[in-house]
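Here is a briefing on one structure.

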Amino acid sequence: MSLIDFKLEDRFRLDEGDVALSGVQALLRVLLDQLRADRRDGLHNAAMVSGYRGSPLGGVDSLMLSNSAELEANDITFLPALNEDLGATAVWGSQLANANWEGRFDGVLGMWYGKAPGVDRSGDAIRHANVSGVDPKGGVLLVAGDDPASKSSTLASGSEFALLHFQTPILSPGSVQEGADYGRWGYALSRYCGLWSALKIVTNVADGYSTIRVGPDRVRAAIPEPWDWKGTPWAHTQEDRLYGQFAVDMEQEVYEGRTRAAELFVARNRLNRSTVDPGGASLGLVAAGKTYYDLMAALERLGFDRPALEQRGIRVFKPAVLWPLETTSLRRFASG
C-alpha cells in the first residue's frame with residue numbers, strides 16, 4: 001500500500017489489509033472483525049459493550065461515541081456504565097438473550113472494560129456471570145487495563161490474581177497487533193469453553209500506536225477433537241439459576257469441564273510456543289506480553305540476538321494464554 005492510498009478512516013472501514021491503530025482503537029477493530037467473520041460464517045450477530053472508563057482504557061468511551069456510525073452499521077450497542085459492576089451485569093445479560101428470551105440475533109458478543117481497580121470491585125458480578133456461562137455463538141471479552149508502572153495510578157496494578165480467582169482464561173498481548181489478534185482468539189476461546197476470556201492490556205500496549213494487519217480471516221480457530229464430559233460430547237451449558245444443585249453443577253463444570261476445554265483449545269491452536277527453540281537447550285526463559293518484548297530487547301543489547309541464543313542453547317517460551325497454563329507446550333519447552 002502506498003502512502004497516497006492510506007486514509008485514517010480505513011482503520012475501521014477497511015475489511016482487511018494494513019491500518020494504523022492505537023491499542024485502545026484495536027478493541028473496536030476486534031469487534032468489527034469478529035462480526036464480519038461471523039457474517040462470513042452465516043451468523044447474524046450483534047455486540048454489546050459496557051464498562052467504566054479509567055486509564056489506560058480511559059479512551060474507550062470516546063472511541064465508541066466518536067464512531068457511532070460504525071457501531072450502528074454493525075449492530076454494536078455501547079452502554080457506558082455508572083460503575084464497573086453495573087457494566088459487568090449488563091454484559092452478563094447480553095449473553096442470556098437467546099437462553100431466556102427470543103433474541104433478535106443469532107449471538108451477541110459481549111465486551112466489558114475497566115481499569116485494574118474496577119476488575120477488583122466487580123468481582124462478584126464477573127464471577128457470577130462467568131459461572132453462568134456465555135452465549136455459544138457470542139462470547140465475552142473482559143478487557144482489563146493494567147498499569148504496572150503506576151503511570152496514571154496511585155498504585156501499580158496487575159489483574160492476574162483476580163482474573164484467576166474468577167476462573168477467566170487470561171490472554172496477554174504485548175503489542176497493538178497482538179491486541180487485535182488475541183481479542184479474536186479470546187472470543188473463539190470463550191465460545192468453546194463457555195468462560196469469559198480476559199484480555200490483559202497494559203499501559204504501553206493501550207497507548208501504543210502502529211500499523212497492523214487486520215481482517216476477518218486473520219484468526220481461524222481449530223476446534224479440539226471431541227471429548228466426553230459426563231458421558232456426552234463436550235458442550236458448555238448456560239445456567240443462571242445459581243442456587244442449590246444448579247450452582248453445584250455449574251461449579252463442577254467450571255473447574256473440571258471448562259478449564260480442561262480451555263487447555264485443549266490453547267493446545268490445539270498452539271497459542272503458547274517457543275519463539276527460540278534450539279535443540280539440546282540447557283537454559284529456558286519464559287516471558288509473556290509486553291515483558292516478552294522487553295526481555296528480547298534486553299538480550300539483544302547484551303549481544304544475545306536469536307542466532308546467539310540458539311548457539312548457546314537458550315530456549316525462549318512465550319505464552320499467549322497465561323492461565324490456564326497449557327501443559328503440553330510447557331513440557332515441550334522444558335524437555336531436556
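## Backbone exceptions and overall layout

Pro 56 sits in the loop between strand 2 and helix 3 (60–65). Helices (H or I, at least four residues) and strands (E, at least two) are DSSP runs, numbered from the N terminus.

This is a predicted model, in which local features need pLDDT of at least 70 and side-chain atom pairs count only at pLDDT 80 or more, while totals for chains, interfaces and linings use all residues. Residues are numbered from 1 along each chain as its sequence is written, and side-chain values use heavy atoms, with hydrogens and water left out.

- Most residues other than glycine have a negative phi, and most peptide bonds are trans.
- A cis peptide bond runs from Trp 323 to Pro 324, with omega near -5°.
- Pro 324 belongs to the loop between strand 14 and helix 15 (327–334).
- Asp 75 has a positive phi, near 60°, and is not a glycine.
- Asp 75 lies in the loop between helix 4 (68–73) and strand 3.

- An open sheet of 7 strands runs in the order 3-2-4-5-7-6-14, and its pairing is mixed. Two strands pair if DSSP finds at least two bridges between them.
- Strand 3 (76–80) and strand 14 (321–323) are the edges; each has a single partner strand, so one side of each lacks a neighbour in the sheet.
- Strand 4 (residues 107–115) pairs with strand 5 (residues 140–146) in the parallel sense, over 6 bridges.
- Within that pair, Gly 114 has Ala 144 of strand 5 as its bridge partner.
- Helix 5 (residues 84–94) packs on the sheet and touches strand 2 (45–51), strand 3, strand 4 and strand 5. Contact means heavy atoms within 4.5 Å.
- The direction of helix 5 makes about 165° with that of strand 4. Axes are lines fitted to C-alpha atoms, for helices over the stretch in contact, and angles run from 0 to 180 degrees between N-to-C directions.
- Helix 10 lies across strand 2, strand 4, strand 5, strand 6 (170–171) and strand 7 (197–202). Helix 10 runs at about 160° to strand 7.

- A second open sheet has 3 strands in the order 11-13-12, with mixed pairing.
- Strand 11 and strand 12 (283–286) stand at its edges with a single partner strand each, so one side of each is left without a neighbour in the sheet.
- From one strand to the next, the twist averages 30°.
- Strand 12 and strand 13 (residues 314–319) run parallel and are joined by 4 bridges.
- Leu 283 has Ile 314 of strand 13 as its bridge partner.

**Helix 5 against helix 8**

- The axes of helix 5 and helix 8 (residues 123–132) come within 9 Å and cross at roughly 10°.
- That makes helix 5 roughly parallel to helix 8. Angles under 35 degrees count as roughly parallel, over 145 as roughly antiparallel, 65 to 115 as roughly perpendicular and the rest as oblique.
- Helix 5 contributes Asp 85, Ala 88, Thr 89 and Trp 92 to the contact, and helix 8 contributes Ala 125, Ile 126, His 128, Ala 129 and Ser 132.
- By class, this contact has 5 nonpolar, 3 polar and 1 charged residues. Ala, Val, Leu, Ile, Met, Phe, Trp, Tyr, Cys and Pro count as nonpolar, Asp, Glu, Lys and Arg as charged, and the others, Gly among them, as polar.

**Cavity and pockets**

- On a 1 Å grid over the protein atoms alone, a cavity is a set of points where a 1.4 Å probe fits but cannot get out; a pocket is an open set with protein on both sides within 12 Å along at least five of seven lines; lining residues have an atom within 4 Å of a point.
- Grid points are joined across faces, edges and corners, and a volume is the space filled by probe spheres set on the points.
- The structure holds 1 cavity of 30 Å³ or more. The largest cavity has a volume of about 50 Å³.
- Its lining has 3 nonpolar, 1 polar and 6 charged residues, with Arg 29, Asp 33 and Arg 184 among them.
- The largest pocket has about 350 Å³ of space. Helix 10 gives the largest share of its lining, 5 residues.
- The second largest pocket has a volume of about 250 Å³. Helix 10 also gives the most to this lining, with 5 residues.
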